[in-house]
Structures are given as C-alpha cells and as structure tokens.
Amino acid sequence: MISGNPLAELRKECEALLKGAMGSLRMEEALIKHFAFEKPPVWEFGQLATSICFELAKQAGEKPLALAQRLVQAVDKARLQLVKEVSAAGGYINFHVNFEQFSALTIESVRKLDAEYGLVKVEKPQKIIVEHTSVNPLHPIHIGQARNPMLGDALARMLSARGHTVFRHYYVDDVGRQTAVIAYGYEKLGKPKPTEKPDHFIGKIYTVTSCLVEINRLKRELERAKMVSADEEMAKISRELDDWVSVAFELKQKCPDLFERLLEKIGEDPDPEKSISELNKAYETGDERAKRLIREVSQLCLEGFKETLSRAGVFYDSWDWESDLVWSGLVAEALRKLRQTPFVTFLGGVLEFEAGKVVDVLALRERLGLRKDYEVPSLTLVRADGTTLYTTRDIAYTLWKFNKADKCINVIGMEQSLAQLQLKIALYALGFKDYAENLVHFAYNLVTLPGYKMSSRRGRYITLDEVLDEATRRAYEEVSKRSPQLSDEGKRKVAEIVGIGAVRYALVEVDPAKPVEFNWDRVLNFEKNSAPYIQYSHARACSILRKAARKPEKPDYRLLKEKLEQELVFALAEFPETFVEAVETLKPNLIADYANALADKFNTFYNAFPVIKAEPLELSDARLALVDAVRIVLRNSLNLVGITAPERM
RNA sequence: GGGCGGGUAGCCUAGCAAGGAUAGGGCGCAAGCCUCCUAAGCUUGUGGUCGUGGGUUCAAAUCCCACCCCGCCCGCCA
C-alpha cells in the first residue's frame, strides 16, 4: 500500500477508533467539535494522543482518567491496523503505532513517490503571483535586502509544489527621484562602461552622486536659513550636513577618481537638484532622451542582480517595469477610477486618498483587523507638480497583476505595512473586494548590522555578493580538508552548493517577523542547525547507498524494532503535514526546521547502528530502504527552500 | 501621541493561529567517542521568574486586559 500522507492514514484510523468507542458508549460524536490529535511529550506514551476526555468529563460528570479508561476499553480491537495499542494515562488517550505496518507503509510510500513525496496538492489550484526582491536598481543587493529573495523564492517553490501555478515577478522601481539621481551621475560621467560587476559600478556612482547632491542641497538650505536667521533650523541642517560630509570623506577614500570627477562635473551644474527633478519628470512623461538614459542605467544594474540571484538559485518569470505602467496609461486609468469614488479629494493642490473614510463607509474595520478608534492616514496620490507617488503606481500595478492571477503575495519589508494597507483599502474603494481579499502582504523584518545602520544611500552595506563569495570560499576550504580525493572542479561545485545553501538557510530559518542581526558566524555556520549540516546528512545517506552497491531487495520492516528507527519512520511520515502547514501559513522556516530535525535524528541513527553490515540481510535491507527514504525527504525538504542536496561533500 | 511587530537560559532560536502531560533545538562552557557506512558527526553534563502584573480555564509560553522595554511606521520618499 502506498500513501501520499501516511500520518493522515494513521490519524484517520485513530479518529475512527475513537468514534467507534464513543458510539458503543452511546456518546454523541457532536460533543467534540473536531478531533485534534497531538504528539505526546514522551515517545513511550505513544505517537498520537487526544485530550478530549478533559472536555467530555465535564458533561459526563466523571473524572477524565476514568472516562479515558472506559473509552479505551470500548475500542474495537479487531479494527486495529496501523494502531497497535490504545491506552489511557492521566486523562489522555494515547495511540501507539503498529510499526510493523506503519514502517512498511511509510518507507515504501516515500521511495515510490520519490521527488513527489510529501508535496500534497491542493484541491483547487490557483494562479498566484509572488512578487519579491524588487530591489531598486541603484546599487548592489545588500545583505539586508537579501532576506527578501530567499523568502520569496522559498514561498514560490512551496506554493508551486502545492500544485498552484506560480509566477515570480520582479517589480522594477525605475520611476522616482532616486533613479534620476543615478542616471544624472551616470550621464555626467559620460555613460562609462562598467569596470566591474555592473551593479557594484552603478552603486558607487549612485552613492557619490547622491552624496554630492545632498551636500549641495543642504548648503543652499543653510544659506537660506541664515538669511532669515532661523537658529533651530540652521542647527538641524548643520547636523545633517556634517553627517553627509563624513560620508563624503568615506567615499573619497573608497573611490577617489570617481569622486573627483563627479565633484567637478556636478560643480559645473548651477542647480543639480533641479536637473534631477526635471529628469525625473521627463522620464515619467516619456521623454525619449530620459527614457534611453534611465533604462540604460537600470538595465545595467539589473544585469548585476540577475548574476547574483541566479547564482543563489533565484529566478523570475517576469520583470515588471514601473515606468511601463505610467507610459501605458494604466496609472492614469487607476487614478481616473479612484477619482470617481467619493474618497478622493483635492487638498492643498494635491490629490488625496482618504483611506480612513473608506474603512468607515465600507465597514472594513474588523475585516482589516484595525483597532476601534484608529484612523488610517490619508495617502497622497499625486504631487503638486502632477507626478505620481509610489503607492499610487502600486495600485495600478496591483490591478494589472490581478488580471493575470487569483492571488498576489507581495514580499515586502514590514516597514511598508501602512502603504500596503492603504493599497488594499484602495482596492476596496474601487470595488475590487475580491482582489483586496487575495492581496497578501508577506512582511518580514530587517537584517541589521551590529554597530551601525545599513544605508544604501550612504554606501554603507555588506553586499550579497560578498557574503556569497565568503561563504563559498569557506566551504571550499572545508571540502578540500575533508574530501581531498575530489577533483578541483568537484570541490568548487560542492563549495558553491554548500556555501550558498548556508546563506539561504540562515536567511530563511528565522521567523520572518523577527529582526536578524547580521554576523558572519550566523551566515557561515557549517555546524548543527545549518544547511551544510543537513546537506552533510544527505551526503552521508547517499554514501551508504553507494557503498552498499545493492538495492534493498528483501527488506523486512518488522525488524526495525529500535526506537531510533521508529522515530525516524515517524518523522518521515510527518513530512507531508509539515509541508501543508508551512505552505498554508506561508512559513518557510517550518520546512527548514523540519529538515534540520530529520537530519538530527538520522545522524543519531547513523552513529548508533550499522546499515550495510547489519544482520540478517532482511534487516540490512530494511535499514537501507529507510536510509533511502531519509535521503529522499531531506532532499525534497531542502529543495523546497531552494537549497541543493549534494551527493558527496 | 497613535498604529504595527518583537520580548522564551550568558547569546541565538522553536512552540503562540486550533490552550493540554516533563517548554524543544543550537552556540558557549565541562567531560567523553574515529582499527567500524564521511568526526561538517555522536554521547553526557551545565544553564529557564517563557518581559511584568492581573484575569478566563480542570489546564496558560499559548486566550483576554493593563503596563514596561526594543524596533519600525504615521512624507507632495520608496
């Protein structure tokens, strides 16, 4: 017999036995809302348990323990299959697995279903867009942002494995002042050819330009403040200026040539600030020169991103340019529709969206989980100069996405929670209730650097490239030490798999709601609770199978009598349910945890018992099959979070 | 001021939606284990007012209320 979800079979049997027992005692099934089975704290208590007797005891006017004992008595022993024994203890009813049956069912199912084992499909597949990464094309992806693609890609893989049709979208945010800043600097330099990885190259120009323009602007403001002798204002500006001057000092040391040239060129411009906002405006209106320039810089930067991300195993189905939404009129269209609602007003020359009013009028408070008196702030849709704002364009983008999908998951930092809420409210306001309810903001917390705050504008960051390089370098050292027999190419391959796995795992393993403090020890962890640890366990399993040099032809699963073996079997059986839970709650870290726990059990087993040399042959074969099943599940779970499982390392 | 998220051993972290038996791991520290399928491993020990105080319940890390600490947001930035 084969099952895609052995644990569910067991659960079903437990439930049937329990209902049967209740029936024979003339107890109403309806007394119990749903039959929840939990894992007892100690293996010896059994593998599944229920605490319904605590609840039932009240109505029955009986002690929980006595009731549990009566129910256990009433269980129809003739119907036991996957369950060996039912017992009562402390008011709980414990179900002990019949491993003679269950081991065979589980191991055979895993080996038969192989790459599909555990990946339980949904009944109604949806079209889902996962929008992730979407780093602005201004500078290389830094480690603070790297959590996003790792989470987004893991989610996409998980949803796809669940049977959904998943599209991975990258939203290229090329509209806005920042892109104009980099394009401005790039043009001032005469559109130079990159002398290094293009996103790093762009990043330097961006930071220096941005810094010089900022200093220029602050100096002017300081002058202005002096004229009207606004002391407080002056002090504030001076502080900001000091900050940027120290940034300038850092940058001048880091890239002196670039700094000097930009200083000179920008110095020639009487009003850089103005040039930049003009460029920004020209781009939004679709001016050809601006288009060519900004697209060129953005494209250059994206090339760098693609290189980094594909190295990390992250790919996209669609690159959506924000500017296309503006030029094609979709943004204008969305604005027109919004204006027809009673929630948009002119206020001080700008167009405002009154999100708070929508919440009250459409009675969305409870649905959105908002507090009683909380008033959602209004959102400015259009600037006084007629240009649009980020969230406005995001409204148009979201409408566009819902033309292609049933559900949209936005992997965006939690600092944008309010904007994402306003976006959702805008969908309600437009009458797209269905869209609003299928829009998910997958919020995650920041990665911080101890000591100072990472700042892309200030050029203070650790790039993902650096981290990947360092991780693979370290992995190469390790592989060379441990597997000197491998060819250099072989070592490099393994090092890449292990190093990148380590980084991905570190960024996916923690609850996305919690901030992660970056430190090399965390990311370069090659010991327990890391990708390399799980990968190592997988390689060990492969190694056993390779050395055995035979298929397990006559396994006798009844011989798997050791507690460790049975625990391992049970863990394998749990995988499908862990997978389903992880996908339904969008928690990639559950998969990472599961894989780590399985690796843990496997290593204990590995250490305790021989496999190839086990006697008799039927036991050796049974263990071989078990090892094979562990291998499959380790690989499947690692793959779900985008980590490759090497066969040797 | 308001909103959101977080607070679990020296450090990091799981569990919280669906309350259940002895709160799982990891790092660190201490002591062991390679003539045996990869020691990136295994075993043992060490360490906890689950932020604080109330409440609900047979049962609270988990639910409710209040408060404290940390982070983020409340822009004609993205």
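In what follows, a residue is called buried when its relative accessible area is under 20%, exposed when over 50%, and partly exposed in between, with a 1.4 Å probe and protein chains only. Leu586 illustrates the term: at 16% relative accessibility, Leu586 counts as buried. Its phi is near 50°, a positive value in a residue other than glycine, and its place is in the loop between H22 and H23. Helices here are DSSP runs of H or I with at least four residues, strands are runs of E with at least two, and both are numbered from the N terminus.

Colleagues, before I continue, a word on the source. This is a predicted model, in which local features need pLDDT of at least 70 and side-chain atom pairs count only at pLDDT 80 or more, whereas totals for chains, interfaces and linings use all residues. Residues are numbered from 1 along each chain as its sequence is written, chains are lettered from A and ligands numbered from 1 in the order in which they are written, and side-chain values use heavy atoms, with hydrogens and water left out.

Let me turn to the chain as a whole. Chain A contains 24 helices and 13 strands. Along the principal axes, its C-alpha atoms fill a box of roughly 95 × 70 × 45 Å. Of its 649 residues, 54% count as buried. The accessible surface is about 29,500 Å², and carbon and sulfur atoms account for 50% of that area; the method is Shrake-Rupley with a 1.4 Å probe, and for residues only the protein chains shown count as cover.

Contact, in this talk, means heavy atoms within 4.5 Å. Among contacts between residues at least 6 apart in sequence, 77% join residues at least 24 apart.

One pair of helices deserves attention. H10, residues 272-285, packs against H11, residues 288-311, at an angle of about 100°, and their axes are 8 Å apart. The axes are lines fitted to C-alpha atoms, for helices over the stretch in contact, and angles run from 0 to 180 degrees between N-to-C directions. Angles under 35 degrees count as roughly parallel, over 145 as roughly antiparallel, 65 to 115 as roughly perpendicular, and the rest as oblique. H10 and H11 are therefore roughly perpendicular to each other. On the H10 side the contact involves Leu279, Ala282 and Tyr283, while H11 contributes Arg289, Ala290, Lys291, Leu293, Ile294 and Arg295.

Next, which residues does Thr106 contact, leaving aside its neighbours within four places in sequence? They are Pro6, Val569, Leu572 and Ala573. Thr106 belongs to helix H4, residues 99-113, and is buried, with a relative accessible area of 0%. Thr106 and Asn5 are 101 residues apart along the chain, yet their C-alpha atoms are separated by 8.4 Å.

Glu116 is in the loop between H4 and strand E4, residues 127-131, and counts as partly exposed at 42% relative accessibility. With neighbours within four places in sequence left aside, Glu116 is in contact with Lys121 and Asn636.

I close with two further backbone features. Ala549 has a phi near 55°, positive in a residue other than glycine. Ala549 sits in the loop between H21, residues 531-548, and H22, residues 563-584, and counts as exposed at 67% relative accessibility. Finally, Glu615 and Pro616 are joined by a cis peptide bond, with omega about -5°; Pro616 is in the loop between H23, residues 588-608, and H24, residues 617-640.
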